[in-house]
Amino acid sequence: MKNTTTKTTKVWYDHNTTTENGITMLHETFPHVTHRTELWLANDEPSYKVCNDLVEEYVEEVADCGNLMDPDINDLANLMLTAMTNHWGERTPDDDYILEADWYEIAEGWFNDIVTERHCDGGWS
(Lines give C-alpha, C1' and ligand atoms only; values in the text may rest on other atoms or scores of the structure.)
Protein backbone atom coordinates (compact mmCIF):
# COMPACT_ATOMS: atom_id res chain seq x y z
CA MET A 1 0.00 0.00 0.00
CA LYS A 2 1.35 3.41 -1.00
CA ASN A 3 1.86 6.01 1.75
CA THR A 4 -0.41 8.96 0.96
CA THR A 5 0.46 11.04 4.01
CA THR A 6 1.18 14.68 3.21
CA LYS A 7 3.46 16.91 5.22
CA THR A 8 2.05 20.03 6.81
CA THR A 9 3.67 23.04 8.40
CA LYS A 10 0.95 23.63 10.99
CA VAL A 11 2.00 24.79 14.43
CA TRP A 12 0.31 22.94 17.26
CA TYR A 13 -0.19 24.66 20.58
CA ASP A 14 -1.01 23.05 23.91
CA HIS A 15 -4.67 24.07 23.62
CA ASN A 16 -5.00 22.07 20.38
CA THR A 17 -4.36 18.76 22.10
CA THR A 18 -6.36 16.44 24.29
CA THR A 19 -5.20 13.33 26.05
CA GLU A 20 -7.48 10.33 26.05
CA ASN A 21 -6.35 7.04 27.57
CA GLY A 22 -2.77 8.31 27.66
CA ILE A 23 -2.76 9.20 23.95
CA THR A 24 -2.23 12.83 22.98
CA MET A 25 -4.49 13.80 20.11
CA LEU A 26 -3.93 16.91 17.98
CA HIS A 27 -6.82 19.00 16.73
CA GLU A 28 -6.65 21.12 13.59
CA THR A 29 -8.02 24.64 13.83
CA PHE A 30 -10.28 26.21 11.21
CA PRO A 31 -10.43 29.95 10.39
CA HIS A 32 -14.23 29.98 10.05
CA VAL A 33 -14.63 28.40 13.51
CA THR A 34 -12.16 30.89 14.98
CA HIS A 35 -14.06 33.78 13.38
CA ARG A 36 -17.45 32.59 14.61
CA THR A 37 -16.05 31.98 18.09
CA GLU A 38 -14.60 35.49 18.17
CA LEU A 39 -18.00 36.89 17.19
CA TRP A 40 -19.67 35.08 20.09
CA LEU A 41 -17.02 36.29 22.53
CA ALA A 42 -17.41 39.88 21.39
CA ASN A 43 -21.19 40.03 21.04
CA ASP A 44 -22.69 37.69 23.63
CA GLU A 45 -22.66 39.56 26.94
CA PRO A 46 -22.13 36.58 29.30
CA SER A 47 -19.36 35.18 27.06
CA TYR A 48 -17.76 38.62 26.74
CA LYS A 49 -17.77 39.06 30.51
CA VAL A 50 -16.11 35.68 31.11
CA CYS A 51 -13.30 36.45 28.65
CA ASN A 52 -12.91 40.12 29.44
CA ASP A 53 -12.62 39.52 33.19
CA LEU A 54 -10.13 36.70 32.66
CA VAL A 55 -7.94 38.60 30.20
CA GLU A 56 -7.99 41.81 32.25
CA GLU A 57 -6.82 39.84 35.28
CA TYR A 58 -4.14 38.13 33.18
CA VAL A 59 -2.92 41.46 31.76
CA GLU A 60 -2.69 42.91 35.27
CA GLU A 61 -0.67 39.92 36.45
CA VAL A 62 1.67 40.11 33.46
CA ALA A 63 2.09 43.86 33.93
CA ASP A 64 2.89 43.38 37.63
CA CYS A 65 5.61 40.91 36.65
CA GLY A 66 7.02 43.31 34.06
CA ASN A 67 6.33 40.97 31.14
CA LEU A 68 3.95 43.05 29.01
CA MET A 69 6.32 42.86 26.06
CA ASP A 70 6.77 39.08 26.36
CA PRO A 71 3.53 37.50 27.60
CA ASP A 72 2.87 33.75 27.47
CA ILE A 73 -0.02 33.86 25.01
CA ASN A 74 -0.20 30.06 24.93
CA ASP A 75 -0.90 30.10 28.68
CA LEU A 76 -3.63 32.69 28.20
CA ALA A 77 -5.09 30.64 25.33
CA ASN A 78 -5.33 27.62 27.62
CA LEU A 79 -6.99 29.70 30.34
CA MET A 80 -9.51 31.11 27.86
CA LEU A 81 -10.25 27.69 26.42
CA THR A 82 -10.83 26.26 29.89
CA ALA A 83 -13.08 29.18 30.88
CA MET A 84 -15.16 28.93 27.73
CA THR A 85 -15.39 25.14 27.95
CA ASN A 86 -16.78 25.62 31.45
CA HIS A 87 -19.16 28.27 30.09
CA TRP A 88 -20.28 26.61 26.83
CA GLY A 89 -19.27 22.98 27.08
CA GLU A 90 -17.40 21.12 24.33
CA ARG A 91 -19.21 22.97 21.54
CA THR A 92 -19.62 26.66 20.75
CA PRO A 93 -23.09 28.21 20.41
CA ASP A 94 -22.75 27.64 16.64
CA ASP A 95 -22.28 23.92 17.40
CA ASP A 96 -18.61 23.94 16.37
CA TYR A 97 -16.20 21.78 18.33
CA ILE A 98 -14.52 24.24 20.72
CA LEU A 99 -11.02 22.88 20.01
CA GLU A 100 -11.36 23.76 16.33
CA ALA A 101 -11.05 27.47 17.14
CA ASP A 102 -7.52 28.89 17.19
CA TRP A 103 -7.39 29.93 20.83
CA TYR A 104 -3.87 31.29 20.44
CA GLU A 105 -5.09 33.76 17.82
CA ILE A 106 -8.11 34.65 19.97
CA ALA A 107 -6.00 35.12 23.12
CA GLU A 108 -3.41 37.22 21.31
CA GLY A 109 -6.13 39.53 19.98
CA TRP A 110 -7.80 39.95 23.37
CA PHE A 111 -4.47 40.52 25.12
CA ASN A 112 -3.39 43.18 22.63
CA ASP A 113 -6.79 44.91 22.72
CA ILE A 114 -6.82 45.17 26.50
CA VAL A 115 -3.19 46.34 26.68
CA THR A 116 -3.93 48.99 24.04
CA GLU A 117 -7.11 50.05 25.83
CA ARG A 118 -5.27 50.40 29.13
CA HIS A 119 -2.45 52.32 27.51
CA CYS A 120 -4.87 54.73 25.77
CA ASP A 121 -6.84 55.24 28.99
CA GLY A 122 -3.64 56.32 30.74
CA GLY A 123 -3.38 53.11 32.77
CA TRP A 124 0.24 52.63 31.69
CA SER A 125 2.80 54.91 30.24
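I take axes as lines fitted to C-alpha atoms, for helices over the stretch in contact, with angles running from 0 to 180 degrees between N-to-C directions. A reminder to myself: this is a predicted model.

**Entry: H3 against H4.** With that in hand, I looked up how H3 and H4 pack, and found an angle of about 105 degrees with the axes 8 Å apart. Angles of 65 to 115 degrees count as roughly perpendicular, so H3 is roughly perpendicular to H4. I then listed who makes the contact: H3 brings Ile73, Asn74, Leu76, Ala77, Met80, Leu81 and Met84, while H4 brings Trp103, Tyr104, Ile106, Ala107, Glu108, Trp110 and Phe111.

**Entry: the core.** Next I went to the largest nonpolar core, which has 24 residues. Leu41, Met80, Trp103, Trp110 and Phe111 touch the most other members. I noted that H1 (31–43), H2 (45–64), H3 (73–88) and H4 (103–120) each supply at least two residues of this core. I also checked Leu41 on its own: beyond its neighbours within four places in sequence, Leu41 is in contact with Ser47, Tyr48, Cys51, Met84, Trp88, Trp103, Ile106 and Trp110.

**Entry: H2.** Which residues of H2 are buried? I found Ser47, Cys51, Asn52, Val55, Tyr58, Val59 and Val62. Down the axis of H2 they fall within an arc of 135 degrees, so they line one face of the helix. What covers them includes H1, H3 and H4. Glu45, Glu57 and Asp64 are exposed on the other side of H2. After H2 comes Gly66, where I noted a positive phi near 75 degrees.

Conventions
Residues numbered from 1 in each chain as written. Predicted model: local features only at pLDDT ≥ 70, side-chain atom pairs only at ≥ 80, totals over all residues. Heavy atoms only, no water. Core = buried A, V, L, I, M, F, W, Y, C linked by side-chain atoms within 4.5 Å. Buried < 20%, exposed > 50% of the residue type's maximum accessible area, 1.4 Å probe, protein only. Helix = DSSP H or I, 4+ residues; strand = E, 2+ residues; numbered from the N terminus. Contact = heavy atoms within 4.5 Å. Arc of directions from axis to C-beta. Parallel < 35°, antiparallel > 145°, perpendicular 65-115°, else oblique.
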